[in-house]
Amino acid sequence: MSQTDLEIVVDDPTAPEDDSPSVVSSGTIEIVVCVLLLALAVTLGYDNWRTGASWDATGPEPGYFPFYLSIILGGGSLYGLIAALLARRAAFESFVTRAQARRVMAVFVPTLLFCLVMQFLGLYVASFLLIAGFMRLVGKIALWKSLLTAFVFTAIMFVTFDIAFDVIMPKGPLEAAFGR
Amino acid sequence: MEALGLLLHGFAVLLTWKTLVLMMVGLVLGIFVGVLPGLGGPNGVAILLPLTFTMDPTSAIVMLSCIYWGALFGGAITSILFNIPGEAWSVATTFDGYPMAQQGRAAEALTAAFTSSFVGSLVAVLLITFLAPMISSFALKFGPPEFFAVYLLTFCSFVGLGREAKHKTVISMSLGLLLAGVGMDTVSGNLRMTFGSAELLRGINFLVAVIGLFGISEILLTMEERLALRGHAASISLRVVLGVWKDLPKYWVTLLRSSFIGCWLGITPGGAIAASFMGYNLAKRFAKDSESFGKGRIEGVFAPETAAHASGTSALLPMLALGIPGSGTAAILLGGLMVWGLNPGPLLFVEHKDFVWGLIASMYLGNVVGLVLVLTTVPVFASILRVPFAAVAPMIVVSCAIGAYAIQNAMFDIWLMLGFGVVGYVFKKIGIPLAPFTLALVLGNRAEDAFRLSMIGSGGNLGVFWSNGLVGSITTLAIVLLFWPVIDGLLGRVGWTRRI
């Protein structure tokens, strides 16, 4: 039978504080998103109109279907924009607090760097650097554990995809040095 | 019955060592994905899809669907032991599951959850076995207007019946349909919305978008939360299992009701989340002592789990029979079908009997094996949560990148994935639903082709969508559903108020 006592406890020392001030309200973000979507709808709508959004002898032209979809998207975003502008500011909760934003950036920035580094060093080296770096710098996990985990995971991925399943990933100078 | 013979054939297809091993691998990976924070059914299936690219379609779908069953089982473990729903559809399971764990009845709650998941899936699979061939043979008579009407019905019911703000569903869906049209037009060969970019020529790949929207964005969202957790460890003994099973017949009404709700909401795009809450609420309403719910009542675990699994499984019915997915995960499996070179739709039952019946047979077998697996391995999977998120997060990012790149071997897709990750994060936070977007992106081209073929056939007359009884009623139903909130309001005003 099971026991009542807590047996699995994991702490999160860098958790975002609950009283952290809000950076931006979700109302502001809603307005920004609606404006961006509206701009997208206008751009795509124009492009489709240029391609041809009417009827010819054989039926609807290539731009017909997407042109009307752009109008629907534009209508939806315009409605959303007006609704968000008219709503009381107090009705919106915080989109993200400062502490949360810091944590999100702590994972987003490494991911961005990972995508950049991959272009030059290949996916596997970039993966090793991402996992080891993230565990060490963000997770504050012991260096040897970070390096070992990163190496084992990357090696498993390499064996699974490159060798067992023949799914070829971008590679860089390191793989080239080993002739793969 | 013909279906039974074909099902037996399906089992014969399935019973090879290779398929059985893939099934186990799929289930274990699935439970893993269900237990870990920041991953879930749709993400898991999307990320692991590249593994199947070189497999034959039957092995591939068996493994992927097993990942899905595993994820459904896995969600219950964290809900009950840690009060952390791994998936939104497990939220209702925490109401009574976690109190049971606190009272030292964790093993009982877990057994109840797994068993009812099994029952829910079984009912849905039975439904698929007998209903899907009938629907698909009926749909073989469909022409382009009928297909467009069915697509329209799917889209409209999302808008009309969804719980999110209507304009947000409309935004999400029209954006998905638009992005589906980027690239070369399949009918005329013209380029659309590429703005001279060679990368956009191929179009925006559905799976790349899904990996970004669900995988990357989920990591960003998970990081926002406090990741500390405290939970109960539990192992399940045979005595507890038999005890729960002995009492099972007492709850047949709850199980049947939840299965029915789940199947209904799975086939229509209501989804597993709505099903689990509805199953729970109805069980509570019909109970004699409804105030004991939320304090560790076993029925409170049975009801939502049965409904969620019945819904998750029956979402595959419209995908198999009509080529229209009933859920986000089903949409990803549909994307998989296309990658493996199969054409989803009613012809699947005629042209690829081995594939369809192998999949249906794997639903039976996968659920039995899955049940045994989770009942015996709970302690192992619960301890996965001890692995720090700082190690899990970068590994998920790497898996996402491998998945996104492998689909078309394009570096551009890595950036697209990152972009969709940000979009998914923002959309989720401001309440723009992602499911309609996913569905629209995967169905967009097919819906447009059906529309254009209908128009070419009718010489541009929109009346073709009302040209016979069948297509007319589907189109009318679609429009009624689109304006359902308005119609419902009007009916309420003239005194036809419904009470459900």
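**Chain contacts and helix packing in a predicted model**

In this predicted model, 68 residues of chain B are in contact with 69 residues of chain A, two residues being in contact if their C-beta atoms, placed from the backbone, lie within 7 Å. At least two residues each of the side of chain B that touches chain A are supplied by α6 (106-139), α8 (166-180), α9 (206-224), β3 (229-232), α18 (389-408), α19 (411-429) and α20 (435-458) of chain B, where helices (H or I, at least four residues) and strands (E, at least two) are DSSP runs, numbered from the N terminus. The largest share of this side, eleven residues, comes from α18(B). By class, the residues of the side of chain B that touches chain A divide into 44 nonpolar, 14 polar and ten charged, with Ala, Val, Leu, Ile, Met, Phe, Trp, Tyr, Cys and Pro counted as nonpolar, Asp, Glu, Lys and Arg as charged, and the others, Gly among them, as polar.

Residues are numbered from 1 along each chain as its sequence is written, while chains are lettered from A and ligands numbered from 1 in the order in which they are written. As the model is predicted, local features need pLDDT of at least 70 and side-chain atom pairs count only at pLDDT 80 or more, whereas totals for chains, interfaces and linings use all residues.

Within chain B, the axes of helix α4 (residues 57-82) and helix α15 (residues 328-339) come within 11 Å and cross at roughly 165 degrees; axes are lines fitted to C-alpha atoms, for helices over the stretch in contact, and angles run from 0 to 180 degrees between N-to-C directions. The helices α4(B) and α15(B) are therefore roughly antiparallel to each other, a term for angles over 145 degrees, as those under 35 count as roughly parallel, 65 to 115 as roughly perpendicular and the rest as oblique. The contact is made by Ala60(B), Ile61(B), Leu64(B), Ser65(B) and Tyr68(B) of α4(B) together with Thr329(B), Leu333(B) and Gly336(B) of α15(B), and its residues divide into five nonpolar, three polar and no charged.

A second pair in chain B consists of helix α11 (residues 252-267) and helix α13 (residues 299-314), whose axes come within 7 Å and cross at roughly 30 degrees, which makes α11(B) roughly parallel to α13(B). Residues making this contact include Ser258(B), Gly262(B) and Leu265(B) of α11(B) and Phe302(B), Thr306(B) and Ala310(B) of α13(B). In the contact of α11(B) with α13(B), the residues divide into ten nonpolar, eleven polar and one charged.
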